Amino acid sequence: IPTDAVHERGALMFLFVLAFFLFSSTFAHMTVAGSETAEAGSNLAGLCFSLCLLFCGVLASSSQLGWWIWFNRISPFTWLVAGMLATAVSGTDVVCSDIEFVVIDPPTGQTCGQYLTSYANAAGSAIFNANATSGCQMCSLTSTDQFLASVDISFDDRWRNFGLLWVYIIFNIFGTITIYYFARVPKGAKAKEIQGAAPTATVVESALKGSSSNTGSPVVGEKA
């Protein structure tokens, strides 16, 4: 990671983690707001959470989803994963270990550089023993940005992705309030029925006085 971007990337990664916790909390409130029981709300939240994970581009890239690409676009984890990956690994050189090299033997009379340079330049690969005439060692990547580009992630979109997470958080908040109002708050005749069934202060006071006169004990707040 470039040294001049360490502090910015560290702060942005913290903001992504914070946004994830805020999203999870508000999403849980929204799913339970209209559920009959906490268990039903938990099951619904688990199902939606699993779908978001399935289509966020980690298990299958967007190019493999076909008709389901629309679910990838509406999944909040698409933007969370893209933002966190770009923030964490973009702009770093790739150094292959010994077991990661692609080993190829060139045709007789040619060096590794003569045989593979054109391909390596087109594919963004690196040849580590260009002068060798056998056992050419080639690393398929030279930069982490090549990997990010293969999964449709760009470092330039990191702040946009963070902003999109707040769209989901705000939606969850308003969704919770709306669902709670329509599913929980009594309205119309039901509200009047509840109000009519609720005892008033006068009724309660009369009942207490009546009980006091029958038993001879003073009512709380009155002198004996």
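A search of the whole structure finds two salt bridges, a salt bridge being a side-chain nitrogen of Lys or Arg within 4 Å of a carboxyl oxygen of Asp or Glu. Before I describe them, please note that this is a predicted model, in which local features need pLDDT of at least 70 and side-chain atom pairs count only at pLDDT 80 or more, while totals for chains, interfaces and linings use all residues. Residues are numbered from 1 along each chain as its sequence is written, and side-chain values use heavy atoms, with hydrogens and water left out.

Let me take the salt bridges in turn. One of the two joins the side chains of Arg 158 and Glu 8, at 3.0 Å from N to O. Arg 158 belongs to helix α7 (residues 158–183) and Glu 8 to helix α1 (residues 6–33), so this pair ties together parts that are 150 residues apart in sequence. Arg 158 counts as buried, at 15% relative accessibility, whereas Glu 8 is partly exposed at 33%. For these words, buried means under 20% relative accessible area, exposed means over 50%, and partly exposed lies in between, with a 1.4 Å probe and protein chains only.

The other salt bridge brings together the side chains of Asp 157 and Arg 160, at 4.0 Å from N to O. Asp 157 is partly exposed, with 26% relative accessibility, and Arg 160 is partly exposed too, with 44%.

I turn now to helix packing. Two packed helices are described by the angle between their axes and the distance between the axes. In our case the axes are lines fitted to C-alpha atoms, for helices over the stretch in contact, and angles run from 0 to 180 degrees between N-to-C directions.

The cut-offs are under 35 degrees for roughly parallel, over 145 for roughly antiparallel and 65 to 115 for roughly perpendicular, the rest being oblique. The contact of α1 with α7 comprises 20 nonpolar, six polar and two charged residues. In this classification Ala, Val, Leu, Ile, Met, Phe, Trp, Tyr, Cys and Pro are nonpolar, Asp, Glu, Lys and Arg are charged, and the others, Gly among them, are polar. α1 passes α7 in a left-handed crossing, meaning that the near helix is turned anticlockwise from the far one by less than a right angle; clockwise would be right-handed.

Helix α4 (residues 76–89) also packs with α7, their axes coming within 9 Å and crossing at roughly 150 degrees. α4 and α7 are therefore roughly antiparallel, and their crossing is left-handed. On the α4 side, Pro 76, Trp 79, Leu 80, Ala 82, Gly 83 and Thr 87 are in contact, that is, with heavy atoms within 4.5 Å, with residues of α7 including Arg 158, Arg 160 and Leu 164. The residues of this contact of α4 with α7 divide into seven nonpolar, three polar and two charged.

For α1 and α4, the axes come within 9 Å and cross at roughly 160 degrees, so these two helices are roughly antiparallel. The crossing of α1 and α4 is left-handed. Among the residues that meet are Leu 12, Phe 16 and Phe 20 in α1 and Trp 79, Leu 80 and Met 84 in α4. By class, the contact of α1 with α4 has 14 nonpolar, two polar and one charged residues.

Asn 72, in helix α3 (residues 69–74), is buried at 2% relative accessibility. Beyond four places away in sequence, Asn 72 touches Phe 55, Cys 56, Gly 57, Ser 62, Leu 65 and Thr 78.

Phe 128 sits in the loop between β2 (126–127) and β3 (136–139) and is partly exposed at 46%. Leaving aside residues up to four places away in sequence, Phe 128 touches Phe 101, Gln 137 and Cys 139.

Most residues other than glycine have a negative phi. Asp 152 has a positive phi, near 60 degrees; Asp 152 lies in the loop between α6 (144–150) and α7 and is exposed, at 58%.

Conventions
Helices (H or I, at least four residues) and strands (E, at least two) are DSSP runs, numbered from the N terminus.
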